[in-house]
Amino acid sequence: MRLDQLPLKCPARVSAVAWDELAETAARRLRELGLDEGVTVEALHVAPFGKDPIACRVGRMTVALRRAQAHCISVEYAA
Amino acid sequence: MNPAPMVALVGNPNAGKSALFNALTGARQKVGNYPGVTVERKAGRMALADGRPIELIDLPGTYSLEPASPDEQVTRDVLFGKQEGERLPQAILCVVDATNLDNHLRFTLQLIALGLPVVVALNMVDMAERDGLRIDAAKLSQELGVPVIPTVAVRKRGIDELKAAMEILVGDGATRKIAAGPGFHHEDIVVLQRRARAIAIAATTEEHGARKVSHRIDSIALHPIAGPVVLFGLMFVVFQAVFAWAQAPMDAITAGFDWLGHWVEATFPNGFVRNLLAEGVIKGTGAVVTFLPQILILFFFILLLEATGYMVRAAFIMDRLMARVGLSGRAFIPLLSSFACAVPGIMATRTIDDPRDRLTTILIAPLTTCSARLPVYTLIIGSCIPNRQVIPYVGLQGIVLFGLFVMGIVCALLAALVLRKTVTKGPSQGFMMEMPKYQAPSVRDVALGLWTRALIFLKRAGTIILASNVILWVLASYPVAPAGKLQTEYSIAGRIASAIEVVVKPIGFNHHIALALPPAMAAREVAVSALATTYAIDAGDDTDKASEEVGPKLAKDWSLPTALAFLMWFVFAPQCLSTIAVTRRETNGWKWPAFMVGYLFVLAYIAAGATFWIATWAGL
């Protein structure tokens with residue numbers, strides 16, 4: 001499952017990130033914001049207009065990103 | 001004499017760096033610019049417990065030493081001693097957010113690797129406790145190998161302890177060499193990140209799953225229906241406040257300047273000095289200083305929204321709409337700031353990483369209705385638009401003013417759409433932002449911010465605006481017109497205006513407008529004082545007429561189509577030297593400011609002309 005498909009309020013774990021599919025600056029920003037394989041993520045809010053972007057908890061941080069970017073992040077439900 | 005030791009204040013964005021800087025240095029701050037680049041240099045003096053001075057320099061917030069924006073480049077260059085005109089710091093004061101340790105520690109590890117002495121301010125420990133986290137500072141210090149001091153910068157907690165730690169750090173004032181070479185690779189970031197996470201887990205001794213306050217607020221602020229309602233409600237309150245609350249202080253300032261003018265007229269003998277002071281200096285400057293309350297109220301709200309953390313939520317809500325015209329939600333903050341003034345708005349575009357997004361935002365920023373246009377709008381609407389109620393409680397004047405604001409926004413968005421498909425064509429980089437926790441703002445930080453804004457505005461009124469008023473007054477007063485000729489036509493300024501009038505007559509502008517346009521280059525609000533000055537000169541020594549306000553004179557002298565055309569001109573209002581200067585600085589050359597001025601002039605001319613002719617045709 002991809003992060004953009006993750007239902008709200010369901011904690012999950014990042015299983016893989018398709019770094020190559022992201023623009024270089026976006027990939028670096030994501031790394032700097034602490035996104036990495038194994039990190040816990042949870043979709044918290046979707047923006048009111050067009051349900052895009054989404055706000056996700058990444059570790060302890062809340063990060064806003066567009067669905068297209070979230071699509072590059074594979075997740076699995078936390079056990 | 002040796003200069004005071006320099007300490008660099010570094011940290012991730014949203015770690016509370018500015019609050020800590022304010023707490024350590026108070027109002028002893030100097031804001032300037034680095035040579036060659038546009039990044040603001042903020043430095044301040046602080047005294048250690050033993051009285052030794054330290055120069056504390058507030059570096060732009062960054063997530064790593066790998067620069068993604070001009071701001072981050074400066075942080076890196078200063079820390080590597082490569083920034084032109086800047087000393088290598090003796091030590092680093094690193095701010096980390098206690099609620100976000102695993103992420104912020106990665107940057108701390110990078111900083112420690114540089115080899116300079118480091119002290120860590122473990123900031124926002126109160127928030128961490130609120131979130132159910134207890135962090136063992138001693139353990140953290142042991143893991144990192146540097147002193148760690150818990151602080152709450154906004155409440156000034158832990159400041160003395162921090163100063164004591166810095167005292168030991170600065171030591172004899174000798175500068176050490178940088179150890180690590182430049183450049184970190186992605187793999188290093190991941191390795192550092194994992195180590196940071198391990199340290200964070202080791203140092204966090206207690207954790208229980210408290211519901212986060214920020215999360216609860218967000219479930220309303222970002223709610224599909226409540227979210228936009230709150231956002232637009234807030235914006236409505238802001239604009240309402242700008243007009244309603246500002247009225248009383250504005251009236252007081254006007255009264256003060258009127259009193260001063262009368263005093264000068266009564267005290268000095270009739271002549272050059274009296275007329276220069278009364279007509280050029282006091283009337284002209286007074287017309288502009290009157291708007292200080294409005295500007296302060298607007299900045300008060302913008303500072304408040306920024307300090308609380310709501311601004312990023314606004315960007316989040318607006319991202320989708322901004323994406324429609326090829327921008328990102330990040331452009332919303334600079335554009336909102338541009339309602340106060342395009343200059344800080346354009347400077348705020350530095351936070352946009354994507355160069356094309358940034359350039360587009362800079363180019364459209366002058367289209368949002370800045371507060372300098374308010375004086376012009378208020379004057380013209382107040383004197384030329386009939387004060388009629390269209391429906392109960394809704395007046396025609398208010399509708400026109402609202403329409404002008406909407407017009408500005410719509411034109412800005414349309415311009416972005418066109419620019420993004422032509423001159424700034426390219427793929428969008430998307431939108432990615434940390435959403436900081438909500439925080440009660442500190443009165444002191446907001447007050448300091450307002451104080452800085454007020455000083456900048458008054459300095460402008462006292463220098464550029466005053467100078468252009470005096471020059472205009474002299475040019476408009478000499479040579480003295482013989483009997484039977486109008487002074488504003490016979491004088492030097494009058495003759496220049498006559499030449500301009502040829503160009504602007506087709507769009508309905510009269511001689512006085514042509515006279516007011518060139519000085520309005522200095523600042524848009526000067527148009528008001530320029531009109532006040534030229535009408536005051538024409539009134540001449542007839543004291544009854546001279547004491548009259550400029551408004552009623554406009555009402556007599558201007559037709560409605562002319563007034564509407566003039567308002568429409570100011571929706572685009574390309575003439576603002578500060579905006580042009582800041583655009584040149586931010587885009588590193590004359591190409592883009594030239595383009596911006598060109599396209600705005602063309603739009604202003606067409607829109608004003610169309611308005612004039614349509615209004616004339618409609619028989620208004």
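First, a term. A salt bridge here is a side-chain nitrogen of Lys or Arg within 4 Å of a carboxyl oxygen of Asp or Glu. By that rule the structure holds 15 salt bridges over all chains.

Now the ground rules. This is a predicted model: local features need pLDDT of at least 70, side-chain atom pairs count only at pLDDT 80 or more, and totals for chains, interfaces and linings use all residues. Residues are numbered from 1 along each chain as its sequence is written, chains are lettered from A and ligands numbered from 1 in the order in which they are written, and side-chain values use heavy atoms, with hydrogens and water left out.

Start with the interface. Chain A gives 33 residues to the contact and chain B gives 46; contact means heavy atoms within 4.5 Å. About 3600 Å² is buried between chain A and chain B, with 56% from carbon and sulfur atoms. Buried area is the accessible area (1.4 Å probe) that two parts lose on being put together, summed over both.

How many salt bridges are there between chain A and chain B? The count is 4. Take R320(B) with D52(A): their closest N and O atoms are 3.5 Å apart.

Which element gives the largest share of chain A's side? Two or more residues each come from α1 (24-32), β2 (40-46), β3 (54-58) and β4 (61-65) of chain A. Of these, α1(A) gives the largest share, 7 residues. Helices (H or I, at least four residues) and strands (E, at least two) are DSSP runs, numbered from the N terminus.

Next, the sheet. Two strands pair if DSSP finds at least two bridges between them. Six strands form an open, antiparallel sheet, in the order β5(A)-β1(A)-β2(A)-β3(A)-β4(A)-β12(B). β5 (73-77) of chain A and β12 of chain B stand at the edges, each with a single partner strand, so one side of each is left without a neighbour in the sheet.

β4(A) and β12(B), residues 432-434, run antiparallel and are joined by 3 bridges. There, A64(A) stands opposite M433(B).

V17(A) stands opposite I73(A).

One last pair. R13(A) and E76(A) meet in a salt bridge, 2.8 Å from N to O. R13(A) lies in β1(A) and E76(A) in β5(A), so the pair ties together parts 63 residues apart in sequence.
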